[in-house]
2 protein chains.
Amino acid sequence: MPGVDDGIRFPAPQLRAWTEQVFQRVGVSKDDAVLLTDSLIEANLRGVDTHGITRMLCTYVKRMQVGVVNPKTQLTVLREYPSTALVDGKNSIGQVVSNVAMRMALDKAKKTGVAFVATTHSNHFGAAAYWAMMALEHGMIGFSATNAPAVVAPTGGRTPMLGTNPFAVAIPAGREQPVVLDLATTVVARGRILLCAKQNKALEPGWAFDELGRPTVDPHAAVRGLLAPIGGYKGYGIALAIDLLCGVMTGSHYGTHFPGFLADNMTDPTDVGSLFAAINVQSFVDLPEFKASMDKAIGEIKTSTKAEGVKRIYIPGEIEFETKVERLKNGIPIPDAVVKDFVALGKELGLSFPMTS
Amino acid sequence: MPGVDDGIRFPAPQLRAWTEQVFQRVGVSKDDAVLLTDSLIEANLRGVDTHGITRMLCTYVKRMQVGVVNPKTQLTVLREYPSTALVDGKNSIGQVVSNVAMRMALDKAKKTGVAFVATTHSNHFGAAAYWAMMALEHGMIGFSATNAPAVVAPTGGRTPMLGTNPFAVAIPAGREQPVVLDLATTVVARGRILLCAKQNKALEPGWAFDELGRPTVDPHAAVRGLLAPIGGYKGYGIALAIDLLCGVMTGSHYGTHFPGFLADNMTDPTDVGSLFAAINVQSFVDLPEFKASMDKAIGEIKTSTKAEGVKRIYIPGEIEFETKVERLKNGIPIPDAVVKDFVALGKELGLSFPMTS
């Protein structure tokens, strides 16, 4: 997930306070605005600007303003077992629905060892890692996944039938940072293809297909074509499994029935389905022992022999933890074009950006 | 997983009966021999000969004969919660341990909605799909994963630190065949690289690294080098997460501590860790409704527009279901070299191959 390095740096607390105000101004309750803002600012801090206010704020606000997302939270638990639940988000904010679901999963896993809570009629939930990471402070392993609008064809096909369908896994450690995996099931994001097209730069083999479903390294053909799933038919299978669990099993939209869930859809409720899981480490092994083993395993990988020309071996999530330290200190970069959007949004809502007090 | 097409075809019941006898002759109980044989013959029927008797039988037998695997089953449940358990396999046959674990998961999920049962001190469990598919007849979604000896380097590294760490997901459908995903986290199997080296044929980009950890299409350099994980750092992350859950969380071997679990290790207990999960569909949605939606979703993908030159779009597991129908009718092909091995094994054990009665 590429970060943004250019643009003016704003202190995170300043962006946070303003964003909380913005959401409240379009009808979100204080508590929900705090949560929603935290999920976005946390993404920015971790360098995942694609899921921070940088890319999401104006779209989220617009979608609430036009009524495609309900800013007032309404939730129902449709079905519940000791270790599972299905939560109907009733088109509320994706982050609010996801937070309820993940907290239910954590409560249940504390008692039974593991829990899966799914959501239906939900919305874009931001970065998957945010939900999986909620498990960490409870000594649990967290998991989250969601379906998304179709951009990937099945192997051998050329109609987009599946989303990037990302998933995240967060595993606690001791001295070491937790292992946090957050990945879409495509080799590269569409943004990367668009950038290559702009620069007239050939793609690497295996990134994309053209309109006829043939592998291509021509960025312009790829823009009109399809993203390639990781590992070919393997990534297709993973994306499909996530769509079947998140979409079909929850009674949400799936495959091609899925309307856009961001700026591309200002008319229809999106009906995202997502999945949240927690595994209580304690139900398998004592937590201190687990954390010590995690540190050992992580240390072994980090100190293993490096490939030629490589300076350092990273653990999944490590770059994001380091980016957070840096951005807490130096601020979150907001590109000029986005600053302009924020200023305009502030004017519209009577909340000047940046806030001066 | 490449199948074998050459060799004499033997009827599955004949191979099954002989294999059951072979295992009993080296100390496996009748029930365990039936189960173990079924897991292997089922892999052959599905065309996954790498996990059938074709590749496994002589190795499994040898490992029991030299005492690296205990043919007599001994199991303990080390820890148990309503939705989880940790089973100590005490170096028993991997399939026997896995069967107990998956059955526990199914029982627990029936009551609580979802269950995760992990195993430690286990052995090679055959094809991952076999365990996930046990969930299907119960109207459940099955999952299995295992760690394995290191053949993959972390991104930026050049020491093998992680196994192919395969996982399987099986999701029931109605009229359509269930969706069955079973995949290793490497782009191709090592066997494919070896074949290219034999034929002096260049690899496709992205399949492998050389000894110094640099991408290579030279099959000979790749043989001395490393397999590439699917999606680069993404596959590395998935393989790592599976190793941490299956290995570290269960107190089993992990990373480089993992000795070989097949013909390459005839001296040390392998201490495989595996994970088995079941999700009771009914705890989210009524099963008939789920099955109808699954059929619809599968049908939409199968009938979506095909890429140029493609005859058919497959659902994960579909080729294996069709291969099973064909091989049940025409028999399982056993290559000449393997027939020779079986004849020799039969002689050694006083059980002629093929059995004539």
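The legends below walk through close-up views of a predicted two-chain model.

Residues are numbered from 1 along each chain as its sequence is written, and chains are lettered from A and ligands numbered from 1 in the order in which they are written. Because this is a predicted model, local features need pLDDT of at least 70 and side-chain atom pairs count only at pLDDT 80 or more, while totals for chains, interfaces and linings use all residues.

**View 1. Chain A laid on chain B.**
The same surface serves both copies, as 100% of the contact residues of chain A recur in chain B. Contact here requires that the C-beta atoms of two residues, placed from the backbone, lie within 7 Å.

**View 2. The side of chain A that touches chain B.**
Chain A gives 65 residues to the contact, and chain B gives 65 residues. Elements with two or more residues on the side of chain A include strand S2 (76–81), strand S7 (179–183) and helix H9 (287–302). The largest share, seven residues, belongs to H8(A). Helices (H or I, at least four residues) and strands (E, at least two) are DSSP runs, numbered from the N terminus.

**View 3. The open sheet of chain A.**
Seven strands line up in the order S2-S3-S4-S11-S5-S6-S7 (chain A), with mixed pairing; two strands pair if DSSP finds at least two bridges between them. S2 and S7 of chain A stand at the edges with a single partner strand each, so one side of each has no neighbour in the sheet. From one strand to the next, the twist averages 10 degrees.

**View 4. Strand S4 of chain A and its partners.**
Nine of the nine residues of S4(A) are buried, so this strand is largely enclosed by the rest of the structure. A residue is buried if 20 or more other C-beta atoms, placed from the backbone, lie within 10 Å of its own, exposed if 12 or fewer, and partly exposed in between. S3(A) pairs with S4(A) in the parallel sense over five bridges, and Ala85(A) has Val117(A) as its bridge partner. S4(A) and S11(A) pair in the antiparallel sense over seven bridges. In S11(A), Ala277(A) is the bridge partner of Phe116(A), and Ser274(A) that of Thr119(A).

**View 5. Helix H8 from both chains.**
H8(A) lies across S5, S6 and S11 of chain A, at about 100 degrees to S11(A). H8 of chain B lies across S6 and S7 of chain A, at about 135 degrees to S7(A). Axes are lines fitted to C-alpha atoms, for helices over the stretch in contact, and angles run from 0 to 180 degrees between N-to-C directions.

**View 6. The surroundings of Pro154(A).**
Pro154(A) sits in the loop between S5 and S6 of chain A. This residue counts as buried, with 28 C-beta neighbours inside 10 Å. Leaving aside neighbours within four places in sequence, its contacts include Tyr236(A), Ile301(B) and Ile313(B). Pro154(A) and Leu240(A) are 86 residues apart in sequence, yet 8.5 Å apart in space, C-alpha to C-alpha.
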